[in-house]
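Colleague: I would like to learn how to read a few features of a protein model. Could we go through them slowly?

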Amino acid sequence: MSEVILRTRGLSYIYGMSTPFECAAIHDIDLDICRGDFIGLIGHTGSGKSTLIQHLNGLIQPTSGTVEYMGRDIWAKDFSRRSLRFDVGLVFQYPEYQLFEETVRKDVAFGPHNMGLDEEQINQRVLSSIKAVGLSEDILDKSPFELSGGQKRRVAIAGILSMRPKVLVLDEPTAGLDPRGREEILGYIKDYQNSENATVILVSHSMEDVADYADKILVMHEGQAVMFDTLPAVFSHAEELTAMGLDVPQITKVFIKLKNSGYDVDTAVYSLDRAVDIIVEAASKGK
């Protein structure tokens, strides 16, 4: 059985508590997130996604309920949330706006330096992290503000990777990128997950991206976790997802249409490879 690395129980958060603007952002969320999971976190705007992920490394304190990291309540008096943020790295949407140092080298080294590593370790972390996001060493002494938008995005992600987080949480990391840039960034994240056996939580509005990279999906709706399961299990509820205002992969829509037209096909299809397998199997049976 996989090791649970993050756990929430009864997790709730209310904005503007005891004011006329009181609003429950998330409510009564129970999750077991395991080491090595790649989770796609989906939900329409206002569903509670961003509020949830900010609880995972202690940026927000719950109104009620608990968040545990490696079996320990992160809000216990003797728990170091500073250390937690090295282990649970959070990449905000448009992370390039978080760049602030004079050079790329200093920006990527910022986390390892605060971890108390020595200069040799810091330099190794910087070089390996820059390489991990597909950048060359010749940019290290440039100002991050001289770089293209896509390069800035990679530098910002490298700054999080340099801390070697056990959990990598990314809020729309490919927003605004072209298809090639999006595929490259997600590929680097997947490589990091595989090489470090890291847990990845990817917030995305793209069902295609989630289907291509995640192995589990967490669906948020009106502040609650309404589904959390494997891709086939979640996409078997494609019509429910659509009713929540969520999109599904185009290939899933095709198979729903086939099903509604009278064809006996599985609608839990989320990738072209799976679609081909089903069509070949149906053809072999003469359907």
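Modeller: We begin with the polar contact, a pair of N or O atoms within 3.5 Å; within protein, one must be able to donate a hydrogen and the other to accept it, and residues adjacent in sequence count only if both atoms are side-chain atoms. This is a predicted model, where local features need pLDDT of at least 70, side-chain atom pairs count only at pLDDT 80 or more, and totals for chains, interfaces and linings use all residues. Residues are numbered from 1 along each chain as its sequence is written, and side-chain values use heavy atoms, with hydrogens and water left out.

Colleague: Which backbone oxygen lies 3.4 Å from a polar atom of the side chain of Arg-154?

Modeller: That of Val-133. Arg-154 itself lies in helix H5; helices (H or I, at least four residues) and strands (E, at least two) are DSSP runs, numbered from the N terminus.

Colleague: Is Arg-154 buried or exposed?

Modeller: Buried means under 20% relative accessible area, exposed over 50%, and partly exposed in between, with a 1.4 Å probe and protein chains only. Arg-154 counts as buried because its relative accessibility is 15%.

Colleague: What is Arg-154 in contact with, leaving aside its neighbours within four places in sequence?

Modeller: Contact means heavy atoms within 4.5 Å. On that basis Arg-154 is in contact with Val-133, Gly-134, Leu-135, Glu-184, Ile-185 and Tyr-188.

Colleague: Now another arginine. Where is Arg-9 found?

Modeller: Arg-9 is in strand E1, residues 4–15. Its relative accessible area is 34%, so Arg-9 is partly exposed. A polar atom of its side chain lies 3.4 Å from the backbone oxygen of Leu-31. Not counting residues up to four places away in sequence, Arg-9 touches several residues, among them Ile-29, Asp-32 and Gly-65.

Colleague: What is the relative accessibility of Thr-199?

Modeller: It is 0%, and therefore Thr-199 counts as buried. Thr-199 is placed in strand E8, residues 199–203. Its contacts, leaving aside neighbours within four places in sequence, include Ile-5, Cys-34, Lys-166 and Leu-168.

Colleague: How should I read a helix?

Modeller: An α-helix has 3.6 residues a turn, so residues three or four places apart point the same way. In helix H3, residues 104–114, the buried residues are Val-104, Asp-107, Val-108, Ala-109, Gly-111 and Pro-112. They pack against helix H2 (81–87), helix H4 (119–132) and H5. Just after H3, Gly-116 takes a positive phi of about 85°.

Colleague: Which residue has a positive phi of about 50° although it is not a glycine?

Modeller: Arg-164 does. Arg-164 is in the loop between helix H5 (149–161) and strand E7 (167–171), and is partly exposed because its relative accessibility is 26%. Glu-172 also has a positive phi, near 50°, and lies in the loop between E7 and helix H6 (179–196). At 9% relative accessibility, Glu-172 counts as buried.

Colleague: How many residues are in the largest nonpolar core?

Modeller: A nonpolar core is a set of buried Ala, Val, Leu, Ile, Met, Phe, Trp, Tyr and Cys residues joined through side-chain atoms within 4.5 Å. The largest one here has 52 residues, and those with the most contacts inside it include Val-104, Val-155 and Ile-217. H5 gives the largest share of this core, six residues. A second, separate core has 28 residues, including Tyr-13, Ala-25, Val-167 and Ile-201.
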